[in-house]
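Hi everyone, thanks for coming. Let me put the structure up on the screen, and then I'll walk you through a few parts of it.

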Amino acid sequence: MKQIFDPTDMSRWSQQRRSGGSRIGFVPTMGYLHRGHTSLMDIARERCDSLVVSIFVNPLQFGPGEDLDLYPRDPEGDVARCRAHGVDLLFMPARLYPPGFETTVQVGRLTRGLCGATRPGHFPGVTTVVARLLGLVAPHVAVFGEKDYQQLMVIRRMVADLAMNVEILAGPLVREPDGLAMSSRNRYLSHSARSRALSLSRALFAMRDAKSDDPEHLKSLGMSILDVDKLDYLEIVNERTLQPIGSLAAPARAMVAAWVDGTRLIDNVSLPPSTPIGQVS
Ligand code: AMP
């Protein structure tokens, strides 16, 4: 496995591979890799000849007072995990943005609600870094996790709107055996905080399994299960538009973001569509 630290070298490597006819797959990450990340590598590996993973903790997507300086790091473990999952090139830039950098890529409506409402500046930071990474790595296919469902939809919108020549694939959300969504931030959780963090997935699973088509009823059910210090949102949204919905006729997702013991956690599940009247399920 090759490692590259300089953006210009990254770009050169990709252009050489592309001109040699190689199909490039790409998984961007912020490191401290876990099974959620490696599942995306496995999806990409099957669809490309050259697999690139990037590790870059992107300052642009952290707000003031967020955990940029504390964000967990494990470069040696990350290298080993990438090797074990057939990564050809690990891109770990110390600096990603060129001197004089002053461009922001910003998606509109999809970024206004949910995490966009409580983390202003987060999505412009994400789309800007992903646009630059896609420019440098020039992949044919890039894989993003449904763990960050709003991010996935925002990136798909950006890629379509700006005619970026890359296929975006979604990887399913990977959970711990007890249901907790895997996240690099889980390492911040003490034993007792972790058991309260489990209330996010419990609430979402209860909402999914309740067989009700009334979003308000489902939200109250979820609220009764959540055991968190602060709730940023618990919403049921249209799976494509991310707008809150009044009934479960269209494909929908239950989305949650909440704080437990100083750690912000997010999770989501797909909700089964309600059965139209007259149809036997
Ligand atoms: P991050 O390192 O948190 O920026 O995540 C990098 C990529 O891994 C993003 O596309 C995330 O959605 C994805 N990811 C993180 N955790 C999970 C998980 N538990 N299941 C699936 N994908 C994940």
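Let's begin with helix 7, whose buried residues are Ala193, Ala197, Leu198, Ser199, Leu200, Ser201, Ala203, Leu204 and Met207. Buried here means under 20% relative accessible area, while exposed is over 50% and partly exposed is in between, with a 1.4 Å probe and protein chains only. Helices are DSSP runs of H or I with at least four residues, strands are runs of E with at least two, and both are numbered from the N terminus.

A word on the source: this is a predicted model, where local features need pLDDT of at least 70 and side-chain atom pairs count only at pLDDT 80 or more, while totals for chains, interfaces and linings use all residues. Residues are numbered from 1 along each chain as its sequence is written, and side-chain values use heavy atoms, with hydrogens and water left out.

Back to helix 7: among the elements covering its buried residues are helix 8 (215-225) and strand 7 (230-238). Contact means heavy atoms within 4.5 Å. Just after helix 7, lysine 211 has a positive phi of about 55 degrees.

Now helix 6, residues 149-161. Its buried residues include Tyr149, Leu152, Met153 and Ile155, and the buried set packs against elements including helix 5 (122-137) and strand 5 (141-145). Alanine 163 follows helix 6, with a positive phi near 50 degrees.

Met153 is also touched by arginine 240, as is Leu110, leaving aside residues up to four places away in sequence. Arginine 240 sits in the loop between strand 7 and strand 8. Is arginine 240 buried or exposed? Arginine 240 is exposed, at 64% relative accessible area.

Strand 3, residues 50-55, is another story: 6 of its 6 residues are buried, so the rest of the structure largely encloses it. Ser50, Val52 and Ser54 point one way, and Leu51, Val53 and Ile55 the other. Strand 3 pairs with strand 2 (residues 24-29) in the parallel sense over 6 bridges, where pairing takes at least two DSSP bridges. Valine 27 stands opposite valine 53.

Ile55 takes us to the second largest pocket: it is among the residues nearest the pocket's centre, along with Phe56, Val57, Arg73 and Pro93, out of 18 lining residues. A pocket is an open set of points on a 1 Å grid over the protein atoms alone, where a 1.4 Å probe fits, with protein on both sides within 12 Å along at least five of seven lines; lining residues have an atom within 4 Å of a point.

Thanks, that's my tour!

Notes:
Expected span 1.5 Å × (residues − 1).
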